[in-house]
Amino acid sequence: MRRLWISVGLIALLAVLSGLHVLHLNSFTQELTAKLTQAQEQAEQEDWEEAARLTQEVKDRWMEHEGYLHVTLHHEDIDAILISLDETLAFLEGAEKQTAEYAAANARLLTQVELLVEAELPSLTNLF
Amino acid sequence: MFVVLIRTVLLYLFIIAGIRLLGKHQIGQLEPSELVLTLIIADLASVPMQDNGIPLLAGLIPIVVLLALSSIISTLCTRSIKFRALLCGRPSVVVENGQVVEAELRKNRLTLDELMEELRIQGYADFQSIKFALLETNGQLSVLPYAADKPVTAAQMGVSSQEIGLPVVLVSDGRLLEHNLKGAGYEHNWLEKQLAAHGLHSPRQAFLLTVDESGNTCCVPKKEGKK
């Protein structure tokens, strides 16, 4: 009987940890998307410096979590987001500001970050 | 490459530990749920082993979950006859009183050729001498012949036979197993005498030395030229 309870406990523990992971990832990505949206708004008002600062903040936060993200998520997705972050920053820090290109890159980055948490949610779409 | 090496070692150790925890039954006779588990685990482990892009946890978590589920199922199987019958099925009588039970053969998708083959493997050329043949839940065929066709035993013949008990290995490939020697209740002097009786001076010269409960030894010397 002890074996049974250990097995049930193990599965329950994994379920709780997976749930905590999804919650953490959700709050983390929400924080990133909020900042990226803010950066987009600043860029629309041609405050390129503030937009670049906010995007750099997002990159720093991303790098802080990289170890955790590599352990829990597919490496391809993580690398793709890092590449998009660098691309978006390059548009913001370039001498000639390209609003359309920046908007496209930022939109792609936002979608990639949103998809990251969406893929981890135990939704019907993901299950089947 | 170093990453692949470490991941391979980790997953390999993890599976060995898991299979070991399930016990010998898992390795010997597989029930349907156990066979599935074995097949899935092997596949699950190989994917993150080869692909660096997949996190190790993606391989480890399903394996832990599968092992835990298997443990739950095996506990429930031992506690509930109904659950066991549901999950593993019941043995099917495929031959009864020397006659093939066609319905059971069809139900188990066993062809007549396969049945004949299994019977021949077990030393039965036809159905006439078989009282019952059962297809067990693990896929093995058990054959029970008519009483008249069973081999005669020593007890039936009224012959007394000596119990030799379990032979204990004392020397294996030139290595003396001290624990077994003491467990069998013998000393080094006795061992030296046994070796000398077979023309050997040291345990290193013996490939195998066993002793049974009656004190009978069986010695296989190492072949010359081999170290």
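**Entry 1: a helix pair inside chain A**

I began with helix H2 (residues 48-64) of chain A and H4(A), whose axes come within 9 Å and cross at roughly 160 degrees. That makes H2(A) roughly antiparallel to H4(A). My note on the labels: angles under 35 degrees count as roughly parallel, over 145 as roughly antiparallel, 65 to 115 as roughly perpendicular and the rest as oblique. Axes here are lines fitted to C-alpha atoms, for helices over the stretch in contact, and angles run from 0 to 180 degrees between N-to-C directions. Helices (H or I, at least four residues) and strands (E, at least two) are DSSP runs, numbered from the N terminus.

Before going on, I noted that this is a predicted model, where local features need pLDDT of at least 70, side-chain atom pairs count only at pLDDT 80 or more, and totals for chains, interfaces and linings use all residues. Residues are numbered from 1 along each chain as its sequence is written, while chains are lettered from A and ligands numbered from 1 in the order in which they are written.

Back to the pair: H2(A) passes H4(A) in a left-handed crossing. Left-handed means the near helix is turned anticlockwise from the far one by less than a right angle, and right-handed means clockwise. I listed the residues that meet: from H2(A) they include Trp48(A), Thr55(A) and Trp62(A), and from H4(A) they include Ile81(A), Leu85(A) and Leu92(A). The contact residues divide into 10 nonpolar, 3 polar and 2 charged. For the classes, Ala, Val, Leu, Ile, Met, Phe, Trp, Tyr, Cys and Pro count as nonpolar, Asp, Glu, Lys and Arg as charged, and the others, Gly among them, as polar.

I picked Gln42(A), which sits in helix H1 of chain A. Gln42(A) has 19 other C-beta atoms within 10 Å and is therefore partly exposed; the scale is buried at 20 or more, exposed at 12 or fewer, and partly exposed in between, with C-beta atoms placed from the backbone. Leaving aside neighbours within four places in sequence, Gln42(A) is in contact with Asp47(A), Glu50(A), Ala51(A) and Leu54(A). Contact means C-beta atoms, placed from the backbone, within 7 Å.

Thr111(A) is partly exposed, with 13 other C-beta atoms within 10 Å. Its C-alpha atom is 9.7 Å from that of Ile81(A), 30 residues apart along the chain.

**Entry 2: where the chains touch**

I found 14 residues of chain A in contact with 12 residues of chain B. H1(A) gives the most to that side of chain A, with 7 residues.

What does H1(A) pack against? Helix H1 (residues 2-44) of chain A packs with helix H4 (residues 56-79) of chain B at an angle of about 150 degrees, their axes 8 Å apart. They are therefore roughly antiparallel to each other. H1(A) passes H4(B) in a left-handed crossing. Among the residues that meet are Leu4(A), Val8(A) and Ile11(A) from H1(A), and Val64(B), Ala68(B) and Ile72(B) from H4(B). I have the contact down as 10 nonpolar, 3 polar and 1 charged.

Chain B has 10 helices and 8 strands, and 13% of its 227 residues count as buried. The buried residues of H4(B) include Gly59(B), Leu67(B) and Ala68(B).

The axes of H4(B) and helix H5 (residues 81-88) of chain B come within 6 Å and cross at roughly 125 degrees. That makes H4(B) oblique to H5(B). Ile73(B), Leu76(B) and Cys77(B) of H4(B) make the contact with Phe83(B), Arg84(B), Leu87(B) and Cys88(B) of H5(B).

Last, I checked phi. Most residues other than glycine have a negative phi. Asn97(B) has a positive phi of about 50 degrees although it is not a glycine, and lies in the loop between strand E1 (92-96) and strand E2 (99-100) of chain B. With 11 C-beta neighbours inside 10 Å, Asn97(B) counts as exposed. Arg109(B) also has a positive phi of about 50 degrees, and counts as exposed with 7 C-beta neighbours inside 10 Å.

Terms used:
Contact = placed C-beta atoms within 7 Å.
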